[in-house]
Amino acid sequence: MNPAISYIIASVQRSGTHLLCSILRSTGVGGSPEEHFLSKPGETWEKRWGAPSRLAYVQNVLRQNTAANGVFGTVVMWSYFERMLEMLQEIPEYNGLNGAQLLAAVFREPKYIWMRRRNQVEQAVSWAIACQTGVWSQKTEKKSRARAIPQFDFKVIDEWCNRIAAHDESWAIYFRENLIEPLILFYEDVVASHRIAAERVLEFLELPSPPGLEIPPPAVEKQANQISHEWTASYLKLKRAKTGRLARVLRRMRT
């Protein structure tokens with residue numbers, strides 16, 4: 001089945017896309033969004049998933065994940081967005097197209113939902129912890145076991161903060177250069193009201209909300225815990241101290 005309505009959830013890791021996808025699936029009309037086009041450096045989709053060809057993989061994703069009402073959704077992180085475009089461009093049918101034109105051809109004029117997070121320090125802390133523990137999402141009915149006890153590292157969290165800011169700005173540039181007006185959702189608002197988040201997305205996609213729409217508890221749990229809060233506080237304290245020292249050094253250099 002080819003999608004009649006399609007959308008791309010554009011994001012940066014640890015922004016709450018698993019939560020949003022769970023909410024949209026629960027509406028019964030928002031499709032089944034997930035990261036269909038994730039790939040590691042040097043890896044192809046057909047090799048990763050055993051598809052006969054790259055085009056066949058894309059067609060299978062669209063056919064198998066387009067809902068009965070014609071809605072298709074997918075999630076794309078900036079960290080592999082350019083690699084995704086490169087692999088699509090290598091398909092003869094899409095050769096010569098690039099950027100937004102390419103995605104418009106593949107996904108039939110998709111709309112964009114920009115999933116962000118206001119508190120990027122908490123986002124960086126979440127990313128650092130997930131990298132160490134190997135737990136990227138926590139399902140309610142099945143708990144994942146951490147492969148290691150996470151250890152606080154200021155430099156690592158600072159690097160993630162810088163990367164998040166850079167990736168977020170890259171999405172902003174992409175939207176601006178291609179005259180795209182995405183629906184912007186913030187993780188903090190989605191957590192505050194699952195129903196409002198669902199209604200905003202359905203309205204943006206011009207999909208009628210089911211009568212008496214009820215959003216059940218999401219299939220994924222919030223992963224922030226006491227360690228997350230302690231790391232965030234420790235990072236901010238050290239960052240302020242380092243910034244203060246740097247400011248004093250610069251003042252002395254000027255005088």
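**View 1. Cysteines without a disulfide.** In this predicted model, the number of disulfides is zero. A disulfide is a covalent bond between the sulfur atoms of two cysteines. Cys21 has a relative accessibility of 4% and therefore counts as buried, whereas Cys131, with a relative accessible area of 27%, is partly exposed.

View 2. Four strands, in the order β2-β1-β3-β5, make up an open sheet in which the pairing is parallel. Because β2 and β5 (183-186) each have a single partner strand, they stand at the edges, and one side of each is left without a neighbour in the sheet. From one strand to the next, the twist averages 20°.

**View 3. Pairing of β3 with β5, and the helices on the sheet.** Strand β3, which covers residues 111-116, pairs with β5 in the parallel sense over four bridges, and Arg116 stands opposite Phe186 in β5. Helix α1 (residues 17-27) packs on the sheet, where it touches β1, β2, β3 and β5, and its direction makes about 160° with that of β1. Helix α4 (residues 78-89) also packs on the sheet, touching β1 and β2, with a direction that makes about 115° with that of β2.

**View 4. Strand β2 and its two faces.** Strand β1 (residues 5-11) pairs with β2 in the parallel sense over seven bridges, with Ile5 standing opposite Val71 in β2. In a regular strand the side chains alternate between the two faces of the sheet. Strand β2 (residues 71-77) is mostly covered, seven of its seven residues being buried: on one side these are Val71, Gly73, Val75 and Met77, and on the other Phe72, Thr74 and Val76, so that both faces are covered.

Definitions and conventions
Residues are numbered from 1 along each chain as its sequence is written. This is a predicted model: local features need pLDDT of at least 70, side-chain atom pairs count only at pLDDT 80 or more; totals for chains, interfaces and linings use all residues. Side-chain values use heavy atoms; hydrogens and water are left out. Buried means under 20% relative accessible area, exposed over 50%, partly exposed in between (1.4 Å probe, protein chains only). Two strands pair if DSSP finds at least two bridges between them. A disulfide is a pair of cysteine sulfur atoms within 2.5 Å. Axes are lines fitted to C-alpha atoms, for helices over the stretch in contact, and angles run from 0 to 180 degrees between N-to-C directions. Contact means heavy atoms within 4.5 Å.
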